[in-house]
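Work through these exercises with the sequence and the model side by side. Try each task before reading its solution.

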Amino acid sequence: MKTVCIPSTDNEFIIGKILCIGRNYVEHIKELGNETPSDPVVFMKPASSVIKDGSSVIIPPISTDCHYEAELAVLVAKEGKNISEIEALSYIAGYGVAIDMTLRDVQDSLKKKGLPWEIAKGFDTACPLSDFVSAAEVADPQNLTIRLLLNGKEKQNGSTGLMIHPVAKIISYLSGIFTLEEGDIILTGTPAGVGRVISGDKMEAIIEGVGKITVTVANS
Ligand code: ZN
């Protein structure tokens, strides 16, 4: 079983479901030529896709176009259903940094056929995830800068203030469909600047005041 921890409080959580929000930043929607959705776009990754700092993303042989998407990750503290936006932030145990690895070629071909994208988003190693900081240490989750460096060069730099659906709204919306449980993780979407990685690349995703994760890339 995969776990995440909040080192400052020594708390460890068994990872439950990983709920992901797509198309949550306007500039990223434009760069992929997608339409802006009125409701959040939701998909899931299995807990088995999580890897820790210092590990390697392994690109499966079904893809030649694997992309990074740096994202703010939210760790759920307690069970909740139909949570209001006003109460939503009290359900958060902590914040972390995730890279939503995506097999863009596989995703595009599944999308064209109207089929689910799970393979493109949920393969082994598809979810590099940092340690978490406790929610109390983050004054405003909508005022954080997400950056991704590829081989030392900055590729993504966007503020969580640019989210279409902010964290409180995401929690409220998701909890109307899925009961949220302790250890669930929510990936909140990526700002613009996504791109391809190849074997030998090194990615660093950083959110100032939240954390950092560094992973390398290899072929299977
Ligand atoms: Zn994403």
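**Exercise 1: a loop residue**

Thr125 is buried, at a relative accessible area of 10%. (Buried means under 20% relative accessible area, exposed over 50%, partly exposed in between, with a 1.4 Å probe and protein chains only.) This is a predicted model: local features need pLDDT of at least 70, side-chain atom pairs count only at pLDDT 80 or more, and totals for chains, interfaces and linings use all residues. Residues are numbered from 1 along each chain as its sequence is written, and side-chain values use heavy atoms, with hydrogens and water left out.

Task: Find the place of Thr125 and list its contacts beyond four places in sequence.

Solution.
- Step 1. Thr125 sits in the loop between α4 (118-122) and β11 (127-128). Helices (H or I, at least four residues) and strands (E, at least two) are DSSP runs, numbered from the N terminus.
- Step 2. Leave aside neighbours within four places in sequence; Thr125 then contacts Ser49, Ile51, Ser56, Val57, Ile58 and Met101. Contact means heavy atoms within 4.5 Å.

**Exercise 2: the zinc ion**

Task: Name the protein donors of the zinc ion, then give their spacing along the chain.

Solution.
- Step 1. Glu69 (OE), Glu71 (OE) and Asp100 (OD) are the protein donors, 1.9 to 2.1 Å from the zinc ion. Donors are N, O and S atoms within 2.8 Å of the metal (3.2 Å for Na, K and Ca); water is not among the atoms, so sites may look incomplete.
- Step 2. The spacing reads E-x1-E-x28-D. Glu71 lies in strand β8 (residues 70-76) and Asp100 in the loop between β9 (92-99) and β10 (102-103), so this pair ties together parts 29 residues apart in sequence.
- Step 3. Check burial. Glu71 is buried, at 1% relative accessible area. Asp100 is buried too, at 0%.

**Exercise 3: another loop residue**

Task: Is Ile62 buried or exposed, and what does Ile62 touch?

Solution.
- Step 1. Ile62 lies in the loop between β6 (56-59) and β7 (66-68).
- Step 2. Its relative accessible area is 52%, so Ile62 is exposed.
- Step 3. Not counting residues up to four places away in sequence, Ile62 touches Leu103, Asp105, Val106 and Ile119.
- Step 4. Ile62 and Ala120 are 58 residues apart in sequence, yet 9.3 Å apart in space, C-alpha to C-alpha.

**Exercise 4: the whole chain**

Task: How many helices and strands does the protein have, and what share of its residues is buried?

Solution.
- Step 1. The protein has five helices and 18 strands.
- Step 2. Of its 220 residues, 53% count as buried.
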